[in-house]
Every structure is written in C-alpha cells, then in structure tokens.
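The entries follow the order in which I looked things up.

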Amino acid sequence: MSGPILYETDLWTLGVVLGLTLVTVVSRSFFFISSRAWQLPHWAQRGLQYAPIAALAAVVVPEIVTQQGELVRTWQDARLYAAAVGVAVYFWRRSVLLTIALGMAAYLPLHIGLGW
Amino acid sequence: MFWRPEIYRHDEFSQGLRDFAPQAAGVGAWGLMTGVAMMNSGLSLTESLAMALLVFAGSSQLASMPLILAGAPWWVILATGFCVNLRFVVFSLHLRSYLMHLPRWRRLLHGYFTADIGYVLFVKRHPKPAQDDAHRLGQEAYLMGGNVLNWGSWLGASVVGVLLSNFIPPEWGLGFAGILCLLGILCSLATSRMRGVSALVAGLVGVLAYSLPLKLNIVLAIAVAVAVCMMLESAPPASPSVSRESPR
C-alpha cells in the first residue's frame, strides 16, 4: 500500500459514487417512488410469484457454469462440484448455512489445492 | 424505521433477524470479496469505503469499478449500474403493494435497504400484502429486521475486505460463498413444480443470453421464465381423456 494512492480521490469519482447510490435507491424503489394510486393487473400479480426464483437462477447459474462468458468445457471446475454439493445439502438438511459451509468445504480444496 | 420502538420491539423484527442470520455468512463472504476486489482493482481506500457504505449493491459496484478506473463518462457508469440493478425494478413492482401505505421517504428507505436476500425472505414469509394496520406493521418490522442484518453484515465484511485486501488473494475465490448463499435460497424457493420450471428456464436463458451487454441476460431470463410459467399455468391440464375445448 503506497501512501499517496491510498487516500487519493477526486470530486468526479465521489460524484459517481453518489450517483450510483441514487441508482440503488431509484432501481430498488422504482415502482413505488410515485404516490399515484394504480392497481397492478391480476395477471401481473400471478406472474410475480415466479420472478424471485427466476432472478436468482439467472444470476446464479451463469456464475456456476460459465467462464468468461463461455460454457465451461471441462469437468475440472470446482464450482460444478461445490454447487452440486450445495444443492444436495440443501435438500438433505433444508439449511442455507450448511449449504454455504459444505459447498465451500468442497470448493476450497479443489480450487486452491488442485487449481480447478 | 428500525430506530422506532414499535418496529424494533416487534416480534416480526426479531423473526426477520433470525431468518436472515444463516444468510449473513454468505453475504459477509461476498462483501469481503467485493471489498478485496475494489482495492485490488485500484480504487483508493476512501473510494472503496464510500462505495461499500453508500452504493450498497455488490453487482453494480463490481460492474462500475472498471468503468470508473477507465474514466468512462459518468452517465455510462450510472446507466450500467441501473441495468445491472434491473432485477430490483422487478422486485419493486412486487413490493409496491406492501409499502404504498407508507409516506414516500419511508418507502424509499425501505427500497434502498432491500437487496436480493431481504426481498426473497420477505415475500417467502409474507406471500400476500397485509390488509390491516397491525399486520402491515408486522410486515414492515420483518422486512427491516432482515435488512438491518443484511446491511450490517455487508458493510462490516466490506470494510474488513478493504482493510485485508493485501492478505486475501482474490484467487482463493472466497466470493463463491455468496453464490452458494444465493443457491441455497434458490432451493428454498423451489416449493412448487412451476417454480422449479421458472428456475430451469431462467437459468437456461441466463446462460444462453450471457453475452448480452449490461447484464441484460438477467432481465431477459426473468421475463422469459415468468412468461413460460404463466403460459403453462393457463394451459388446460393435460388429461388422458379426449381433448376438450379450452375454457378460455
């Protein structure tokens, strides 16, 4: 860690950080910023029950099976085994904490030890 | 809000804390690695801490870092952050009916603090918006309970990651714990066959459309999965007998 770089910043960067903070507020509040009353159509309410799991799958699955945007073409990838262990542990014990713990227990030796 | 006694003394507040506690480890590992990544990418200490404290959105932080360092125009950085956050826009549509009774500034604060896991746990425990004031308060307390812990574990771990960035090589891949955390929650949501279908379709589309810019693959995947599920849902149940006219 070199001294001058450590605390160095400028107004432009801090402005961008503040802008990104606003982006967080606006995106997370998008449909309830306005106080005007309107009713979500019934079909949309039905559809929304499928949205949370879809969002998680869309975030998680590519993080497990792709490498730099490409589908992994090798079985020597620690993430595949860790994810398989994680899913199995979840349905065995119904515990997210155990899923994380045992998933990482599978991941770290393969990843750090074998370089997978 | 959480500093109001009727919220933090509410049973649902502590329930929210308890339900979030197992996820805090995953959030923490994720925050830790984001902190390490920010410092390793070349942001200064001040900038990394400001990011962790204020922006409070791992994916948009990670996506904007290279753009900030490359000196991209500010509006490109903000637009990228917004697109990466588009899933939250979908969440806000869902949360709307739970929050509209509150004044705007409180809605915005709840919105700011409600990230992926807070949202998922909330709609899991409260599938329907409350119809009376007592239950509305309970739901608000539950949401805050989880979010307080989410914010605390994220921020604490991010600061630790920023400070330890010289000692934790990103090659260890500790950030994968965050993915495992989301994976566990995903499994916990798979309570019906149709939701399983939703996850499969979204995962598939998320991978196939991965090359889309600005993480638009996530938005496309949500849209396709929801549309497929609704089409399957409204299709007449497959029956072994002779085909009938659809009632619709």
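Entry 1: I first needed a definition: a cavity is a set of grid points where a 1.4 Å probe fits but cannot get out, and a residue counts as lining when it has an atom within 4 Å of a point. I also note that I am working with a predicted model.

I searched the whole structure and found three cavities of 30 Å³ or more. I asked which residues lie nearest the centre of the largest cavity. They are Trp30(B), Gly58(B), Ala115(B), Asp116(B) and Trp154(B), out of 15 lining residues. I wrote down about 180 Å³ as the volume of the largest cavity.

I then looked up where the lining of the largest cavity comes from. In chain B, α2, α4, α6, α8 and α9 (133–163) each give at least two residues to it. By class, I listed nine nonpolar, three polar and three charged residues in that lining.

Entry 2: chain B as a whole. I looked up the elements next. Chain B has twelve helices and zero strands. I took the box around its C-alpha atoms along the principal axes, and it came to roughly 70 × 50 × 35 Å.

Entry 3: the two domains of chain B. The domain assignment gives domain 1 (5–189) and domain 2 (191–233). I found the C-alpha centres of these two domains of chain B to lie 22 Å apart. Nine residues of domain 1 of chain B touch nine residues of domain 2 of chain B. Between them the two domains bury about 710 Å², and 77% of this is on carbon and sulfur atoms.

Entry 4: chain A against chain B. I moved on to the contact of the two chains. It takes 72 residues from chain A and 86 residues from chain B. The area buried between the chains is about 7,100 Å², with carbon and sulfur atoms giving 75% of it. On the side of chain A, Arg28(A), Phe32(A) and Tyr50(A) supply 13% of the area that chain A buries against chain B, more than any other three residues.

How many salt bridges cross the interface of chain A and chain B? The rule finds one. I noted the pair Glu233(B) and Arg46(A), which form a salt bridge with their closest N and O atoms 2.3 Å apart.

Entry 5: the largest pocket. I turned to the open spaces. The largest pocket holds about 1,000 Å³ of space. I counted 36 lining residues, and Glu63(A), Arg79(A), Leu62(B), Ile179(B) and Tyr210(B) are those that lie nearest the centre of this pocket. Among the elements that each supply at least two residues of this lining are α4 (51–65) and α5 (78–93) of chain A, and α10 (176–189) and α12 (216–234) of chain B. I sorted the lining residues into 19 nonpolar, eleven polar and six charged.

Entry 6: the second largest pocket. I put its volume at about 690 Å³. Of the 28 residues that line the second largest pocket, Gln45(A), His94(B), Ser97(B), Tyr98(B) and Pro129(B) are the closest to its centre. I looked up the elements behind this lining: α3 (42–48) of chain A, and α6 (86–99) and α8 (116–125) of chain B, each supply at least two residues. Which element gives the most to the lining of the second largest pocket? I found that α6(B) does, with five residues. The classes in this lining are 13 nonpolar, eight polar and seven charged.

Methods: Residues numbered from 1 in each chain as written. Chains lettered and ligands numbered in written order. Predicted model: local features only at pLDDT ≥ 70, side-chain atom pairs only at ≥ 80, totals over all residues. Heavy atoms only, no water. 1 Å grid on protein atoms, 1.4 Å probe; cavity = no way out; pocket = protein on both sides within 12 Å on 5 of 7 lines; lining within 4 Å. Points joined across faces, edges and corners; volume = space filled by probe spheres on them. Helix = DSSP H or I, 4+ residues; strand = E, 2+ residues; numbered from the N terminus. Nonpolar A, V, L, I, M, F, W, Y, C, P; charged D, E, K, R; others polar. Contact = heavy atoms within 4.5 Å. Buried area = accessible area lost by both parts, 1.4 Å probe. Salt bridge = Lys/Arg side-chain N within 4 Å of Asp/Glu carboxyl O. Domains from an automatic or database assignment.
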